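Student: Can you walk me through this one? I'll jump around a bit.

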Protein chains: 4
Amino acid sequence: MLRYLTAGESHGQALVGILEGLPAGMPVNREGIDEDLARRQQGYGRGGRMAIEQDRIHVLSGLRGGVTLASPLAFTIENRDYQNWQQGMDPFDGDVTYRQVVHPRPGHADLPGALKYGFDDMRPILERSSARETAARVAVGSIARQMLQPFGIEAACHVISIGSVAIQHQPLTFESLTGAENSPVRCIDESAATKMMAVIDQAKAQGDSLGGVVEVRVKGLPVGLGSHVQWDRKLDARLAYALMSIQAVKGVEIGDGFEAARRPGSQVHDEIYHDKDRGIHRKTNHAGGIEGGMSNGEELVVRCGVKPIPTLMQPLQTIDMRTKEPFEAVKERSDTCAVPAAAVVAELVTLFVVAQAFLETFGRDSFKEMKRCWKPSR
Amino acid sequence: MLRYLTAGESHGQALVGILEGLPAGMPVNREGIDEDLARRQQGYGRGGRMAIEQDRIHVLSGLRGGVTLASPLAFTIENRDYQNWQQGMDPFDGDVTYRQVVHPRPGHADLPGALKYGFDDMRPILERSSARETAARVAVGSIARQMLQPFGIEAACHVISIGSVAIQHQPLTFESLTGAENSPVRCIDESAATKMMAVIDQAKAQGDSLGGVVEVRVKGLPVGLGSHVQWDRKLDARLAYALMSIQAVKGVEIGDGFEAARRPGSQVHDEIYHDKDRGIHRKTNHAGGIEGGMSNGEELVVRCGVKPIPTLMQPLQTIDMRTKEPFEAVKERSDTCAVPAAAVVAELVTLFVVAQAFLETFGRDSFKEMKRCWKPSR
Amino acid sequence: MLRYLTAGESHGQALVGILEGLPAGMPVNREGIDEDLARRQQGYGRGGRMAIEQDRIHVLSGLRGGVTLASPLAFTIENRDYQNWQQGMDPFDGDVTYRQVVHPRPGHADLPGALKYGFDDMRPILERSSARETAARVAVGSIARQMLQPFGIEAACHVISIGSVAIQHQPLTFESLTGAENSPVRCIDESAATKMMAVIDQAKAQGDSLGGVVEVRVKGLPVGLGSHVQWDRKLDARLAYALMSIQAVKGVEIGDGFEAARRPGSQVHDEIYHDKDRGIHRKTNHAGGIEGGMSNGEELVVRCGVKPIPTLMQPLQTIDMRTKEPFEAVKERSDTCAVPAAAVVAELVTLFVVAQAFLETFGRDSFKEMKRCWKPSR
Amino acid sequence: MLRYLTAGESHGQALVGILEGLPAGMPVNREGIDEDLARRQQGYGRGGRMAIEQDRIHVLSGLRGGVTLASPLAFTIENRDYQNWQQGMDPFDGDVTYRQVVHPRPGHADLPGALKYGFDDMRPILERSSARETAARVAVGSIARQMLQPFGIEAACHVISIGSVAIQHQPLTFESLTGAENSPVRCIDESAATKMMAVIDQAKAQGDSLGGVVEVRVKGLPVGLGSHVQWDRKLDARLAYALMSIQAVKGVEIGDGFEAARRPGSQVHDEIYHDKDRGIHRKTNHAGGIEGGMSNGEELVVRCGVKPIPTLMQPLQTIDMRTKEPFEAVKERSDTCAVPAAAVVAELVTLFVVAQAFLETFGRDSFKEMKRCWKPSR
């Protein structure tokens, strides 16, 4: 069983993760992880914080000479900004009256978190609910990627829309997604990308923010990850669980998703073929690679709807938690659009779920044994 | 911790469930459960099987005189059709060559299941992957409903669209959903309902099938169910997990969902107000009742995109699993549209997740103690 | 992941179990399960209930023609006594004032259960805490046995002591345990067995009860079940978890157990040898087959200390839960000694834990694939 | 749900832990944790490593100004020895040929770990299986202690025997255990303590090692922690799980434990009394505070049998993992007796289990709410 926990506040010392259940003897490459951490930090429309933090993984355990020991892999990702915040955030000596937040920001965890946990000051809530936490999940997913690569499993992500601007055509091949890596908005359609940057500029000028839709694809999945036998084992369900847990995600689709709900069955189900070269295969992929809660050998396709960042320069109405008097929510320098980053997070979160399901079906105690037994059905 | 497992094949003796973790001393009403089971079986567009099965819960343990004992509640829901199938489905004496399925049906679990589990005959897969299993989950959710009702929590569902026909206006109030109960397509908009039935008739005539979009709303949720502190505790993530696990669901949204990805932040985040009568509240509910992975005191709003039933009268291309030769997928009398049933399943599945999160925050060993401690924050 | 839940009250309709996670295509034999159920019901010193119940498994799902389908295996074991109890135990119509128990019996769950769950009547507690529940766990373990057998893994149990009477010598070989099957007290030492029956007779005459020590051995375990990497993955810990959960067990030992605490290290650790025929092996087995939380290839040896049955004919002091006045605990016809049954339960509980750990390391979706990959290290 | 993961190798940079699920607003005191870490490092019979490591907790998240934020509490405990080991243990740049261990040490995880995970060098196994890992569990348990203290729950531990030397009389009161804190062998019986130190000296002189029996008691437990309803919820089972997972523990007992198996029922079950001052209570505590898998309001009493340290100066026979030739296991400076430390570990491990069960029954999101609802039954 592959499992992990993350910890860490946005302005605390570090994000921390413990990932356990990797097979022994598996190579892990630091640069690969740092690259994914960097991918998360890029994107047109980010604010000042990104300049401060240049995330690097620091591994504390579980590896030796770049190879897994089977023991839990613990890591930290330092928050460089902590030096400016220690006064208020030190675990034992922090001044809890430092930079209190008493006006809950609409769209954030602030209000429900404060009421749930009994705080007047919402600092304790927002420090943990912040999307900065996703850096730890990116690291986890990046290690999952390194586990899957030798078995021919690759993932990519791209941005389908930002605000009202969307790409013209869905990408036809996995390979065509590589272009997204060089786009400031992680968009494979250059003309749409230009318009996306324009609406981001416009939103910024108005003190507003923008969301969008991101897509993740995974290629090379063997048949049979997940299971139909109990609701909590289904691969699509587990993907939805993980993807909906990403900050700001309000919708998750597999394959044609909501569009499949609009078309007749004759246009939705992927007919089954066989030939010598490709074995069993499909000519269409409306299902997005999952039928009956299991991978079916086709490309995995998932999409997330990401809401706009809730912190606006243009003030929203809120209250003071102590007096209950009306107030304007804090205006803060912030990102205008984090959709390209959300795409990267979705990709890595997807990879973790895939790796977990992969180990359930093809796992062994050592990487060598995994390879010996490896026999995907097709 | 509230947990459950279900078991049972579609043409086996019975569906079986064990639900564990209910507080002691809580009344459970059989009629309420049977009503929800009946709600699942209704709906315009269902085929012949629904006439055979009239689901009734049979409780084997966990209750005495209609009150919970704290011990696990086990139940069965008989499959009346089993008498016609015992020859092939008997656990020990069944003839495994009886009614084999060797042509995997596109859109079903058949192909990935058979390859994963090593069967040539897909009967073992489809018996469990069948949506008949949802009857057991409806029973579980119906008991959850009875636990939540005394705390003022109520749920309802309705159908937003079938195929290309959608309701004109989103319902404004929870109360307006009650109309759906009397609609053959579980639709609150009479004119849309008429058109929905027409497209179902048309699809049936063409041997085709239709999906749609369903919505569930939950009223009376206290603030603070779920948590922002770890990805797997978030209420929206857990709802997506459970809802995406429903057979045929390919998309899940919370609140405005994918639509929120298209609008600027200033139109998406729900401003916060306070007055004496209502306490802290919102005037809008784009978030669908969840911020930061926690219920925020507003109505919970979730939607599922349901794909068309994969079993068509109009044949789809497939192969023979033994010879790999091309073949036409089995034509079977089947439902044309199961969207109204999916709405009911989604409602009950949602209620289970809510009940589980509710117990985490407000649970006690006995129902009496739960009421003594009950103090929702607002 | 192999998992199960059980349900059922002692005088309810049936015990119920759902076991999920077995590989597909695995043969399951009904007679084998019924034999283990019968083994649990035997033993010198049992009372009248055993004559009423002759446990038989009734499988509701998960099998077809005696072969696993991968889907959850649900079963019931009927309580024949229910016909005498339905008036008081019917889930919906039972009379909750029927045969109330208001004097908590020392040594039972009665008192803590009633206070925890808010009952004055302890009937709801004792119905579930009763050792009758172990019949369901025996069924689960018996299926686990059938999964392990083809891989050469076998288990046996025997009684080491009853009250103050113990066997003279620890059995030297696994094979020597087979004799226990024919002993009324499941004891391999005939002279000790005779004395055990005598002390049981004596205890019965005095209205008293007796406990004892039971041992389970498992032969043929491959190296490497369990893991040292996290506390909750250790095989010895998981065995202790499962064994201590058996009703009346108050102590659990692995290998030399507490005796190892008394001897110097030079007499406790099992030296390591290698030769062509046996590969890596030991000449002693003080560790009981587990080092560092993992099976080491030697025989697994676990022991449980079982306390005497708490229900005595010789009354114990207690109180009335409503008035708090002193009272004598109910005298009931009951077993005098259930140690031989406890041995069987311990054996089957052990087999479940072993099967779960076995699947983690050597599991595959189908039994056929499991055999293909099977390559134990030695 | 209170949960944690630990990570860290014995000669790696640090032990790491993430503890999640503490209520918000709870004070945590650093000195208290460091004291428990120091208690673990004391004890007559420890070797040189203890002089190198002076464990201190370093909290990275989850606290601010000494108060819990509800977010996960992450911490490290530095391995000072790492500076001497970085060359061989660096996660990415470590030389994996550095200080290889190719002769598996009997009694350690070395052999099964190497075979399971596919290593010839046993360094990767022993680094994680080392009892140094218990420092992280002590930190976790120490935080649990701080959560329980305000509810009147206190724990203590003491050493009952070392090798063949045992205390004369079981301690009668919880208070009498405090004396153990000042004993070099954590023994409350001064005369036995003197003899224990003598046998440790003797064992050391002979290059041998000693185990022993330790006891933990917890005072002030409310009735009803744990549950009888399912095997995995029983408090005694969960304690056995956690305690048996401690390195070197081979036996676990609750209350009279194995001794209860030898006595008749009339001498084992604790009669129930009531008076105005003490409410419901017992005059004896053979059950060790647990009946039916639940705390019964009496003192919790658990004991562990700890085997002697496997690393001896007096060589044990083993093999070379590459050549399979016979070899003598490494002689290393090591502890002669770690029983007093094991007592401390057992105490803290017990406290974690108690805290987890306590939160299940009496937990709330905030410490303040926990206190508002707190109403133990008696």
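Student: What does A:Arg46 touch?
Tutor: Not counting residues up to four places away in sequence, A:Arg46 touches A:Arg40, A:Gln41, A:Asp335, A:Cys337, A:Ala338 and A:Ala341. Contact means heavy atoms within 4.5 Å.

Student: Before we go on, what are the ground rules?
Tutor: This is a predicted model: local features need pLDDT of at least 70, side-chain atom pairs count only at pLDDT 80 or more, and totals for chains, interfaces and linings use all residues. Residues are numbered from 1 along each chain as its sequence is written, chains are lettered from A and ligands numbered from 1 in the order in which they are written, and side-chain values use heavy atoms, with hydrogens and water left out.

Student: Back to A:Arg46. Where does A:Arg46 lie?
Tutor: In the loop between H1 and helix H2 (49-52) of chain A. Helices (H or I, at least four residues) and strands (E, at least two) are DSSP runs, numbered from the N terminus.

Student: Is A:Arg46 buried or exposed?
Tutor: A:Arg46 counts as buried, at 17% relative accessibility. The cut-offs are under 20% relative accessible area for buried, over 50% for exposed and partly exposed in between (1.4 Å probe, protein chains only).

Student: And A:Arg40, where is that found?
Tutor: A:Arg40 is in helix H1 (residues 30-41) of chain A. A:Arg40 is buried too, with a relative accessible area of 4%. Leaving aside its neighbours within four places in sequence, its contacts include A:Arg46, A:Asp55, A:Ala131, A:Arg132 and A:Val345.

Student: Which UniProt annotation covers A:Arg40 and A:Arg46?
Tutor: According to the unreviewed UniProt entry, both carry the annotation "binding site". UniProt positions are in the numbering used here, feature names are shortened, and annotations may be inferred rather than shown by experiment.

Student: Let's take the prolines. Where does A:Pro308 lie?
Tutor: In the loop between strand S15 (300-306) and strand S16 (317-319) of chain A. A:Pro310 has its place in the loop between S15 and S16 as well. A:Pro308 is buried at 0% relative accessible area, and A:Pro310 is buried at 12%.

Student: What is A:Pro308 in contact with?
Tutor: Beyond neighbours within four places in sequence, residues of chains A and B. A:Ser209, A:Leu210 and A:Gly211 are among them, and so are B:Ala260, B:Arg263 and B:His269. A:Pro310, counted with the same exclusion, is in contact with A:Pro106, A:Gly107, A:His108, A:Leu316 and B:His269.

Student: What rotation superposes chain A on chain B?
Tutor: One of 180°, with 0.0 Å of shift along its axis and an RMSD of 0.0 Å. That is the relation of a two-fold axis. The C-alpha of A:Tyr241 is the nearest to the axis in chain A, at 2.2 Å. Copies are superposed by least squares on C-alpha atoms of residues with pLDDT of at least 70 in both.

Student: How much of helix H8 (residues 235-244) of chain B is buried?
Tutor: 10 of its 10 residues, so H8 is mostly covered. B:Leu235, B:Tyr241 and B:Met244 are among the buried residues.

Student: New topic. At what angle do H1 and H9 of chain D pack?
Tutor: About 145°, with the axes of H1 (residues 30-41) and H9 (residues 339-362) 7 Å apart. Axes are lines fitted to C-alpha atoms, for helices over the stretch in contact, and angles run from 0 to 180 degrees between N-to-C directions. From H1(D), D:Asp36, D:Arg39 and D:Arg40 meet residues of H9(D) including D:Ala341 and D:Glu347.

Student: What about the backbone of A:Arg99?
Tutor: A:Arg99 is not a glycine, yet its phi is positive, about 45°. A:Arg99 sits in the loop between helix H3 (82-89) and helix H4 (110-117) of chain A. A:Arg99 counts as partly exposed, at 47% relative accessibility.
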